[in-house]
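These are my notebook entries on a protein model. I set down in order what I looked up.

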Amino acid sequence: MGVATEVMISAQDIHKGFGGTPVLKGVSLELQRGEVVAVIGPSGSGKSTFLRCLNHLETVDSGSILVEGEVLVETGASGQARYAGDAEIRRIGRKMGMVFQSFNLFPHLTVLENIIEAPMVVKGLKREQIQPKAEALLKKVGLLEKRDAYPNRLSGGQKQRVAIARALAMEPEILLFDEPTSALDPELTGEVLRTMRELAQEHMTMLVVTHEMGFAREVANRVIFMDQGKVIEQGPAEAFFAAPSLARTVAFLQSML
Ligand SMILES: Nc1ncnc2c1ncn2[C@@H]1O[C@H](COP(=O)(O)OP(=O)(O)OP(=O)(O)O)[C@@H](O)[C@H]1O
Ligand SMILES: [Mg+2]
């Protein structure tokens with residue numbers, strides 16, 4: 001019996017520029033259910049832009065993006081990208097949660113309120129309906145005792161774990177992370193990576209832009225190396241790190257040591 005695979009995100013030939021400067025030059029990716037894929041590459045290579053295109057924080061110039069087989073955007077023979085309707089875009093967008101480098105917690109809301117806000121506003125749930133789940137998520141990230149604290153009383157690592165709990169509260173199918181630990185002191189990085197490792201063990205589908213090569217090597221199933229707006233090398237994590245095939249990849253990995 002074959003192993004069933006389920007494509008969660010299929011992005012094909014994504015092109016995106018800013019003010020006439022091309023930033024993504026034909027990037028493609030398939031993300032399977034339960035897969036953890038690390039996206040690595042030098043600053044300015046387009047990693048964040050690519051992630052932002054996937055969850056519609058940016059629009060593509062051309063290419064196609066399907067999420068669980070549903071078309072977010074596609075490009076026909078005309079070369080013109082055609083997006084789904086607004087309601088469809090919102091529905092597809094809810095399949096993905098995003099965790100940012102800068103946490104983006106609401107400063108005027110407590111930890112618990114940060115987590116229940118979106119399920120209440122977006123899903124129309126009542127506080128009583130979501131609160132037990134929010135507390136369970138806080139417990140999961142080890143921060144139940146901080147439920148009534150405001151974000152400015154938390155360490156960076158704690159803020160990021162709240163941000164992960166907040167993303168999970170929306171019950172996404174896929175989590176996108178954009179350098180979730182790069183704003184953190186090294187001693188706080190570990191606690192966030194531990195939370196992410198646990199999610200990976202629970203088979204959460206994750207696409208992680210990271211400069212943590214140790215995390216990529218140990219946790220990711222697959223690694224994608226982007227340079228100057230293109231995926232120039234990719235492969236299973238173990239093989240990728242053990243024997244990168246391009247000189248450019250080798251040089252980049254050397255620079256990350
Ligand atoms: N909103 C924008 N307007 C104009 N240029 C942009 C915008 N966003 C990104 N860029 C440019 O696109 C290029 C790729 O940026 P991007 O943030 O995707 O790179 P990155 O790989 O995430 O880099 P880093 O590792 O530093 O986060 C850069 O040259 C950047 O200046
Ligand atoms: Mg970036």
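**Entry 1: Salt bridges**

I began with lysine 140, which forms a salt bridge with glutamate 202, the closest N and O atoms being 2.6 Å apart. Lysine 140 lies in helix H4 and glutamate 202 in the loop between helix H6 (186–201) and S9, so this pair ties together parts that are 62 residues apart in sequence. I noted that the model is predicted.

I then looked up the accessibility of both partners. Lysine 140 counts as partly exposed at 33% relative accessibility.

I asked how many salt bridges the structure holds. I found 19 salt bridges. One of them joins arginine 33 to glutamate 173, with the closest N and O atoms 3.1 Å apart. Arginine 33 sits in the loop between S2 and S3, and glutamate 173 in the loop between helix H5 (156–169) and strand S8 (174–178); the two are 140 residues apart and link distant parts of the chain. Arginine 33 is partly exposed, with a relative accessible area of 40%. Glutamate 173 is partly exposed as well, with a value of 29%.

Lysine 133 and glutamate 171 meet in a further salt bridge, 3.2 Å from N to O. Here, too, distant parts of the chain are linked: lysine 133 belongs to helix H4 (residues 127–140), glutamate 171 to the loop between H5 and S8, and 38 residues separate them. Lysine 133 is partly exposed at 30% relative accessibility.

I also recorded a network of salt bridges that links Glu6, Arg33, Glu68, Glu70, Glu88, Arg91, Lys95 and Glu173.

**Entry 2: The open sheet**

Next I traced an open sheet of five strands, with the order S2-S1-S4-S5-S6 and antiparallel pairing. Strand S2 (21–32) and strand S6 (81–83) stand at the edges with a single partner strand each, so one side of each is left without a neighbour in the sheet. From one strand to the next, the twist averages 15 degrees.

I looked at the pairing of S2 with strand S1 (residues 7–18): the two run antiparallel and are joined by nine bridges. Isoleucine 9 has leucine 31 in S2 as its bridge partner.

Helix H2 (residues 86–93) packs on this sheet and touches strand S4 (62–67), strand S5 (70–75) and S6. The direction of helix H2 makes about 120 degrees with that of S5.

**Entry 3: Strand S3**

Is strand S3 (residues 36–40) largely enclosed or left open? Five of its five residues are buried, so strand S3 is largely enclosed by the rest of the structure. In a regular strand the side chains alternate between the two faces of the sheet. On one side of S3 I found Val36, Ala38 and Ile40, on the other Val37 and Val39, all of them buried.

S3 runs parallel to strand S9 (residues 205–209), with four bridges between them, and valine 37 stands opposite leucine 207 in S9. Four bridges also join S3 to strand S10 (residues 222–227), again in parallel; alanine 38 stands opposite valine 223 in S10.

**Entry 4: A surface patch**

Last, I noted a nonpolar surface patch of about 240 Å², made by Met120, Val121 and Val122. Methionine 120 has its place in helix H3 (residues 111–123).

How values were computed. Residues are numbered from 1 along each chain as its sequence is written. Chains are lettered from A and ligands numbered from 1 in the order in which they are written. This is a predicted model: local features need pLDDT of at least 70, side-chain atom pairs count only at pLDDT 80 or more; totals for chains, interfaces and linings use all residues. Side-chain values use heavy atoms; hydrogens and water are left out. Two strands pair if DSSP finds at least two bridges between them. Axes are lines fitted to C-alpha atoms, for helices over the stretch in contact, and angles run from 0 to 180 degrees between N-to-C directions. Contact means heavy atoms within 4.5 Å. Patches are made of residues with over 30% relative accessible area and no salt bridge: like charges are joined within 9 Å, nonpolar side chains (Val, Leu, Ile, Met, Phe, Trp, Tyr) within 5 Å. Accessible areas come from the Shrake-Rupley method with a 1.4 Å probe; for residues, only the protein chains shown count as cover. A salt bridge is a side-chain nitrogen of Lys or Arg within 4 Å of a carboxyl oxygen of Asp or Glu. Buried means under 20% relative accessible area, exposed over 50%, partly exposed in between (1.4 Å probe, protein chains only).
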